[in-house]
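Hi everyone, thanks for coming along. I'd like to walk you through one structure today, so please have a look at the screen and stop me whenever you like.

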Amino acid sequence: MSIENQLRSRLITAVKELYNQDINEKQAQVQITRKDLKGDFTIVVFPLLKISKKSPEDTGIEIGEYIKANEESVAAYNIVKGFLNIELAADYWLNLINEIALKDQFGYVEAKEDSPLMMIEYSSPNTNKPLHLGHIRNNLLGYSLSRIAAANGNKVVKTNIVNDRGIHICKSMLAWKKWGEGITPESSGKKGDHLVGDFYVKFDKEYKIEIAQIIADKLNDYSAIKDTEDFGALHKSLKAKKKSKEGLNEVEAAQLEACDELAKYAENNAPLILEAREMLRKWEAKDEEVYADWKMMNEWVYAGFDVSYKKLGVDFDKIYYESDTYTVGRDMVLGGLEKGTFNKREDGSVWVDLSDKGLDEKLLLRKDGTSVYMTQDIGTAKLRFDDYDIDKMVYVVGNEQDYHFKVLSLVLDKLGFNWGKDLQHFSYGMVELPQGKMKSREGTVVDADDLVDAMVNTARDMSKELGKLDGYTDEEAEKVYKMIALGALKYFILKVDPRKNMTFNPEESIDFNGNTGPFIQYTHARIQSIFRKAADQGVTVDEQLNTSVAIDEKENNLIKMISNFPNIVAEAGKTYSPAVIANYAYDLAKEYNQFYHDHYILTEENKDIMQMRFVLSKSVGKTIKNAMFLLGVDVPEKM
């Protein structure tokens, strides 16, 4: 039992014995003492005043005396208004640091046979383009969440759903057929996902040309806008004005209606989109030629994805494919229709009515019987439930899909999935670069592979400039460059509250000072260097220390921070926030560096104090390593 829980238990007993009344754990408020107050843990007295019928000071004194007399780890207490601050004895902290130093997995809860199974879905790429910066945030969040969930005692299955079918896939395929001239990853020297992504961009470029031509040809058919010289500029300005406070006048409203109608006509009747739709119909009919091209191009993309995932240091236990799951979902929807769970409209489309839940109706099958994204997610859920006995399902998907997952949760519940209504949509914000948003169709995305390579180059240049890796072999240095680069990338993204939008700045992320991954990595390496120097000087480092040795405020603060790590891991698991872990790691590294600056270790004359500082340093290093592991970040032994 943690000391925090011990004190809470003592408080409950104290109230029972002093005032003959029971209180629950919610009323027994115990928290870490604020830095500006003296003490280790604080008991909030205010909720107990109705029970004691005494002043905050008198109530605090009575409870403080009781706890001090009955809890041997308590050395003293003080009262500030309605807060009872408990001070623990120095030997309690030293005994604790002794225990921590011996535990490799300190802070983690080990999963048991009957532990709940949590499935975490992340990545979810489309096979028409390579992974980009947005995918990086998704993958890093999902992978970190899986480690945090495991550290909280869950059994974890990491899954991925690959969106490998649909009109967007056909766009890349059609562009390759038209303009590819048989090019392959091997003949071009390009990664397969990059090559396919190029053709997706090519399709959009040619598609826009066709749209523009149709608009020019049909403009005279729309009297409200027939004399327009720049259709695109007019359409854009009218849409912006409609959203403004000023709004549109009658003439402008007619113009916008005509613009919308013409734009929609052009988009739906451009020859390329008609060909892509025909290709999709052939694919669904298992046309031999189309299906062969689809399989070939998808294999190119999968090979490219594997390289990117390896670079990022993420993996999966099970990968599902939309081409397998959408038909399962369709059958599930049709089964729900037969049972009256869903309803069919006159045009043949199938819908679910969620108006009783404060939502509207949601399309599940189109009138032609084809699937939508919701259908695919239903099918994927069915296959996953067949494969695993899931207790908790977590979807790592951007916040633009919040509504989708509200609906999915209710639909899965209606279909009888036990975890349906309790599924967790881990909704995260968008990530941009300083220069702004990215657009896949326009080819303005930041490619994941290019970004990782650029980060490695930056780490290499900065390390050489600072002389961080002087004396390393080329092979050793290159390994550390990659470790620093990935540490910088992962930490910078994960330290931000995942629910917030963020701007990723590569140069800022790789700084060796401040709240960055390299700063924390360097702190770990600095600690390991202490033990190498000790070995070189013939200094023996024992695992145990003298618990009667005096410790000062900085040492006490470090021990308290380390002892709080299990609570940090629990909080990160409860709130689904790797940022909790990241910022704790930074605070611990910063606190240790202040301690290191002010205290002797190897040259300390008092052997007991030196030994205590060795064990303290070892525990800090181990805790930093364990914290960064939960972020998917490796820490070097030398740097």
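Let me start with a term: I call it a salt bridge when a side-chain nitrogen of Lys or Arg lies within 4 Å of a carboxyl oxygen of Asp or Glu. Before I use it, a word on the source: this is a predicted model, where local features need pLDDT of at least 70 and side-chain atom pairs count only at pLDDT 80 or more, while totals for chains, interfaces and linings use all residues. Residues are numbered from 1 along each chain as its sequence is written, and side-chain values use heavy atoms, with hydrogens and water left out.

So, how many salt bridges does the rule give? The count comes to 32. Let me show you a few. Glu478 pairs with Arg460, and their closest N and O atoms are 2.4 Å apart. Glu478 belongs to helix α17 (residues 474–494) and Arg460 to helix α16 (residues 448–466), so the bridge ties together parts that are 18 residues apart in sequence.

Glu478, at 26%, counts as partly exposed, and Arg460, at 17%, counts as buried. There is also a network: salt bridges with shared partners join Lys191, Asp193, Lys311, Asp449 and Asp453.

Next, please find Lys158 and Asp315, whose side chains form a salt bridge at 3.3 Å, N to O. This one links distant parts of the chain, 157 residues apart: Lys158 sits in strand β6 (residues 155–162), and Asp315 in the loop between α12 (288–312) and β7 (318–321). Lys158 is buried at 13% relative accessibility, whereas Asp315 is partly exposed at 37%. In another bridge, Lys54 and Glu62 bring their closest N and O atoms to 2.4 Å. Here Lys54 is partly exposed at 37%, and Glu62 is partly exposed at 25%.

Let's go back to α17 and look at its packing. Helix α5 (residues 133–151) packs against α17 at an angle of about 80°, with the axes 10 Å apart. Axes here are lines fitted to C-alpha atoms, for helices over the stretch in contact, and angles run from 0 to 180 degrees between N-to-C directions. That makes α5 roughly perpendicular to α17, since angles of 65 to 115 degrees get that label, under 35 is roughly parallel, over 145 roughly antiparallel and the rest oblique. Who meets whom? On the α5 side, the residues include Leu133, Ile136 and Arg137, and on the α17 side they include Leu489, Lys490 and Ile493, where contact means heavy atoms within 4.5 Å.

My last stop is α19, residues 517–536. Its 20 residues reach 29 Å from first C-alpha to last, close to the 28 Å expected, and that expected span is 1.5 Å times one less than the number of residues. Why do I call α19 largely enclosed by the rest of the structure? Because 14 of its 20 residues are buried. Just after α19, Gly538 takes a positive phi of about 75°.

Definitions and conventions. Helices (H or I, at least four residues) and strands (E, at least two) are DSSP runs, numbered from the N terminus. Buried means under 20% relative accessible area, exposed over 50%, partly exposed in between (1.4 Å probe, protein chains only).
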